[in-house]
Amino acid sequence: MRSIPQCSSFSLDGFPRRSRSFCDAASGTDRMVRPTACGSLNNDFAVSFKTPRAFDEDFVISCLIAIFLVTHGSNIDMRNIVHSVTDFFRKVLQSIIISPVPLITTTSFHSSTTTCEREQDDFDKVLLTRRTVNNFCQNLPENWKELVDRAIVSAIHAPNHKRTEPWRFYLLGPQTIRKVCELNAKLVAEKKGEKAGERKLERWIQMPGWIVVTCRSDFGEKDEVQSMDIPSGLAREDYAACCCAVQNLCLSLHNAGLGTKWSTGAVNFDSRFHDILGLETGEYSIGIIWFGTPTKIVDAPIRKKGLQDVLILHP
């Protein structure tokens, strides 16, 4: 007698909380099935699982008849009704089976799980291989604007506790880049001398792509900017959200083959820099993001602390 696979109850999103006893036809052993969001189950998946080797029509009909008899008591004439009830349930069952239900096998679950694990590895690789890039090719790729647009979409999906969406992204053109570079060179010259300023100008003007990320908190009727010293204040929450957005931005560009550098030099906080960009009152720079095609693959810096140094386990 072949058995019916045991199916657990379904959650509202269509994914089973637990599913087991999908038999491996080759080994005859049971495997735990771990549905994931990576494609093991989808919206087209019906509530009933069925495989060619895990279904017995007579067994199901017998169960349905037993339920019918228990429900209707012992007052019915078994001899007159058993055949009609059997035919009725058989037709119902066949109509269900004929309906298009995808065949879910252990192999397909295993294959999808493997795909999910591979995608997870690929995603972790993106996280682990992102680097601060200092040297870029002079020209941006032809589709650079499309890549930037996609990266900004990823950026604005960063965590945002207060749902204020405080981030703004300024994509600078050649004229604005020149103004920012000259202002920065002037600031450096004032502090370190003319030659240092000239070297800085020559260095910065070579950066191919420029994005300035800013934060603009909306304090409602309170026009004054709240202090970052308030632990749960809006100012701190919005700054954290913008930093998360910068990370998303850089990771997306890295995944597209572009390198980035997040610069928080003094020019970011100069009022003249704000005037060049036309920032609103209360809006401030999170940093300049340079981007472009790296001239070489940068080695990972040596981490001073490992997992055992930063992970604290509590009972």
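This is a predicted model: local features need pLDDT of at least 70, side-chain atom pairs count only at pLDDT 80 or more; totals for chains, interfaces and linings use all residues.

Modeller: The chain has nine helices and six strands.

Colleague: How much of the chain is buried?

Modeller: Of the 315 residues, 31% are buried. That label means under 20% relative accessible area, while exposed means over 50% and partly exposed is in between (1.4 Å probe, protein chains only). The chain exposes about 21,000 Å², with carbon and sulfur atoms supplying 54% of it; areas come from the Shrake-Rupley method with a 1.4 Å probe, and for residues only the protein chains shown count as cover.

Colleague: Let's take the loop between α4 and β3. Why is Pro 166 called buried?

Modeller: Pro 166 is found in that loop, and its relative accessibility is 0%, so it counts as buried. Leaving aside neighbours within four places in sequence, Pro 166 is in contact with Asn 160, Thr 214, Cys 215, Arg 216, Asp 238, Ala 241 and Cys 242. Contact here means heavy atoms within 4.5 Å.

Colleague: How far apart are the C-alpha atoms of Pro 166 and Thr 214?

Modeller: They are separated by 8.0 Å, for two residues 48 apart along the chain. On the scale of the chain, residues 24 or more positions apart account for 75% of the contacts with a separation of 6 or more.

Colleague: And Asn 160, buried or exposed?

Modeller: Asn 160 has a relative accessible area of 16%, so it is buried. Asn 160 also sits in the loop between α4 and β3. Not counting residues up to four places away in sequence, it touches Glu 165, Pro 166, Trp 167, Asp 238 and Ala 241.

Colleague: What about Arg 163, buried or exposed?

Modeller: Arg 163 is exposed, because its relative accessible area is 76%. Arg 163 belongs to the loop between α4 (144–155) and β3 (167–171).

Colleague: What is the phi of Arg 163?

Modeller: Positive, about 55 degrees, although Arg 163 is not a glycine. Most residues other than glycine have a negative phi. Glu 165 has a positive phi too, of about 45 degrees, and is not a glycine either. Glu 165 lies in the loop between α4 and β3, and at 52% relative accessibility it counts as exposed.

Colleague: On to salt bridges. How many are there?

Modeller: A search of the whole structure finds five. The test is a side-chain nitrogen of Lys or Arg within 4 Å of a carboxyl oxygen of Asp or Glu.

Colleague: How do you know that Arg 150 and Glu 146 form one?

Modeller: Their closest N and O atoms are 3.5 Å apart, and the cut-off is 4 Å, so the pair passes. Both lie in helix α4, four residues apart, about one turn of the helix.

Colleague: What makes Arg 178 and Glu 182 a salt bridge?

Modeller: Their N to O distance is 3.9 Å. Arg 178 and Glu 182 both lie in helix α5 (residues 174–192), again four residues apart. Arg 178 is partly exposed because its relative accessibility is 38%.

Colleague: Which residue does Arg 216 pair with?

Modeller: Glu 280, in a salt bridge at 3.5 Å, N to O. Arg 216 lies in strand β4 (residues 209–216) and Glu 280 in the loop between α8 (271–277) and β6 (283–292), so the pair ties together parts that are 64 residues apart in sequence. With a relative accessible area of 51%, Glu 280 is exposed, whereas Arg 216 counts as partly exposed at 28%.

Colleague: Which residues form the nonpolar patch on the surface?

Modeller: Leu 307, Val 310, Leu 311 and Leu 313, with about 440 Å² of accessible area together. Patch residues have over 30% relative accessible area and no salt bridge; like charges are joined within 9 Å, nonpolar side chains (Val, Leu, Ile, Met, Phe, Trp, Tyr) within 5 Å. Val 310 lies in helix α9 (residues 307–310).

Conventions: Residues are numbered from 1 along each chain as its sequence is written. Side-chain values use heavy atoms; hydrogens and water are left out. Helices (H or I, at least four residues) and strands (E, at least two) are DSSP runs, numbered from the N terminus.
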